Amino acid sequence: LSADGEITSKPMVLFLGPWSVGKSSMINYLLGLDDTPYQLYTGAEPTTSEFTVIMHGPKLKTIEGIVMAADSARSFSPLEKFGQNFLEKLIGIEVPHKLLERVTFVDTPGIIENRKQQERGYPFNDVCQWFIDRADLIFVVFDPTKLDVGLELEMLFRQLKGRESQIRIILNKADSLATQELMRVYGALFWSLAPLINVTEPPRVYVSSFWPHEYHPDTHKDLFLKEEISLLEDLNQVIENRMENKIAFIRQHAIRVRIHALLVDRYLQTYKEKMTFFSDGELVFRDIVEDPDKFFIFKSILAKTNVSKFDLPNREAYKDFFGINPITSFKLLSQQCSYMGGCFLEKIEKAITRELPDLLGSIGLGKKPNVLSCDITGCGETPKNRYKKP
């Protein structure tokens with residue numbers, strides 16, 4: 001984690017999906033921003049070209065991306081690394097809304113198939129990844145009338161690997177189809193996404209129309225309203241479980257660091273074993289990086305306790321890694337110990353096996369059951385226009 005602000009920040013809900021599926025309309029609806037000067041622009045054309053962060057503030061106001069990134073107290077300062085072109089496409093909106101006291105929403109530019117990253121003028125996929133890595137809940141929104149899973153969306157789902165438990169699929173504008181057709185689209189959506197989401201338990205799909213207009217007559221109004229309430233309860237649950245999720249995320253990150261440290265150590269040991277006085281260091285190491293299995297590098301890590309084969313990174317990634325970080329710049333883990341401070345690896349092991357689980361346990365003991373009501377979280381305010389619907 002790159003900043004304390006990321007640990008102490010509010011839960012983040014990220015809205016992703018193709019353009020014109022109703023992401024901005026959904027945020028307007030959940031926060032009651034419709035017909036106010038601060039409603040997010042919506043329309044049939046690709047309207048949202050910015051990453052818009054909607055957060056709590058004492059009064060309605062907009063904040064330029066460059067100002068958000070310059071404020072180290074906010075958790076968005078690391079975004080500076082994506083450059084000036086991106087910061088011009090980042091905007092913050094402060095809204096005095098009860099729900100935003102507990103959560104921050106992020107609206108993203110719609111995915112436009114066949115558009116190259118260069119056309120956006122900044123590394124779109126990298127920026128998306130930054131938000132995905134920090135999101136507590138990821139709403140991937142679809143329009144059932146134009147279900148097109150193309151290349152950019154496939155790329156996005158590749159970036160969502162490992163975050164499946166945070167993903168919720170929204171089949172929005174559901175009242176624009178007759179029931180039978182909606183069922184067909186629901187099936188087609190799962191068929192399209194199945195190869196992209198390779199998990200035993202599929203993500204939750206919410207089928208409704210998230211906007212203030214009345215549902216179309218002769219559609220499943222009761223179902224849509226129940227789905228809407230379920231989604232709000234889901235959001236509430238994520239807010240309640242925020243601290244547990246954060247600790248679990250830090251532990252997951254620590255496991256990755258541990259495996260990476262073990263792998264680099266193993267590469268270094270192999271290199272030192274193969275080097276002789278007459279060896280060409282570069283050639284020796286190239287041989288190891290090109291075919292690590294010949295030297296049992298990954299197998300030797302799997303032989304250690306607490307390492308799952310599913311946690312092992314891609315072998316190819318280490319070609320790139322050592323292309324930037326020469327092997328000679330590393331020290332063996334056995335040399336990274338001190339009398340007072342102990343060993344680097346032992347500290348990580350202790351955090352993974354004892355300290356972080358203990359922290360999780362202590363939070364769990366302090367929780368009061370049956371307090372997951374909207375009266376407490378303020379989500380009872382939302383969606384404020386529900387009364388417009390029959």
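A: The axes of helices α9 and α10 come within 4 Å and cross at roughly 65 degrees. An axis here is a line fitted to C-alpha atoms, for a helix over the stretch in contact, and the angle, from 0 to 180 degrees, is taken between N-to-C directions. Helices (H or I, at least four residues) and strands (E, at least two) are DSSP runs, numbered from the N terminus. Please note that this is a predicted model, in which local features need pLDDT of at least 70 and side-chain atom pairs count only at pLDDT 80 or more, while totals for chains, interfaces and linings use all residues. Residues are numbered from 1 along each chain as its sequence is written, and side-chain values use heavy atoms, with hydrogens and water left out.

Q: Which residues of α9 and α10 meet there?

A: V238, I239 and E240 of α9 meet R242, E244 and N245 of α10, where contact means heavy atoms within 4.5 Å. These residues divide into two nonpolar, one polar and three charged. Ala, Val, Leu, Ile, Met, Phe, Trp, Tyr, Cys and Pro count as nonpolar, Asp, Glu, Lys and Arg as charged, and the others, Gly among them, as polar.

Q: And at what angle do α10 and α11 cross?

A: Helix α10 (residues 242-274) and helix α11 (residues 281-290) have axes that come within 10 Å and cross at roughly 135 degrees. The two are therefore oblique to each other, since angles under 35 degrees count as roughly parallel, over 145 as roughly antiparallel, 65 to 115 as roughly perpendicular and the rest as oblique. On the α10 side, Y267, T270, Y271 and K274 make the contact, and on the α11 side G281, V284, F285, I288 and V289 do. By class, this contact of α10 with α11 has six nonpolar, two polar and one charged residues.

Q: What about α10 and α13; how do their axes cross?

A: The axes of α10 and helix α13 (residues 315-324) come within 13 Å and cross at roughly 70 degrees. Helices α10 and α13 are therefore roughly perpendicular to each other. H260, L263, V264 and Y267 of α10 meet Y318, F321 and F322 of α13. That contact has six nonpolar, one polar and no charged residues.

Q: Let us step back. How many helices and strands does the chain have?

A: The protein chain has 15 helices and 10 strands. Of its 390 residues, 46% count as buried; buried means under 20% relative accessible area, exposed over 50%, and partly exposed in between (1.4 Å probe, protein chains only).

Q: Which residues touch the most others in the largest nonpolar core?

A: That core has 47 residues, and F51, F86, F131, F142, F157, L160 and I169 touch the most other members. A nonpolar core is a set of buried Ala, Val, Leu, Ile, Met, Phe, Trp, Tyr and Cys residues joined through side-chain atoms within 4.5 Å. Helix α6 (residues 124-134) gives the largest share of this core, six residues.

Q: Why is α6 described as largely enclosed?

A: Eight of the 11 residues of α6 are buried, so α6 is largely enclosed by the rest of the structure. Among the buried ones are W130, F131 and I132. Residues up to four places away in sequence aside, F131 touches M12, L14, F51, F76, L79 and V106.

Q: Is F105 buried or exposed?

A: F105 counts as buried, at 0% relative accessibility, and its place is in strand β5. Beyond its neighbours within four places in sequence, F105 is in contact with residues including V13, I27, T52 and L235. F105 and M55 are 50 residues apart in sequence and 6.6 Å apart in space, C-alpha to C-alpha.

Q: And where is F224?

A: F224 is in helix α9 (residues 221-240) and counts as buried, at 1% relative accessibility. Leaving aside neighbours within four places in sequence, F224 has contacts that include A174, D175 and Y215.

Q: Last one: what is the phi of F296?

A: F296 has a positive phi of about 55 degrees although it is not a glycine. Most residues other than glycine have a negative phi. F296 is in the loop between α11 and α12 (297-302) and is exposed, with a relative accessible area of 51%.
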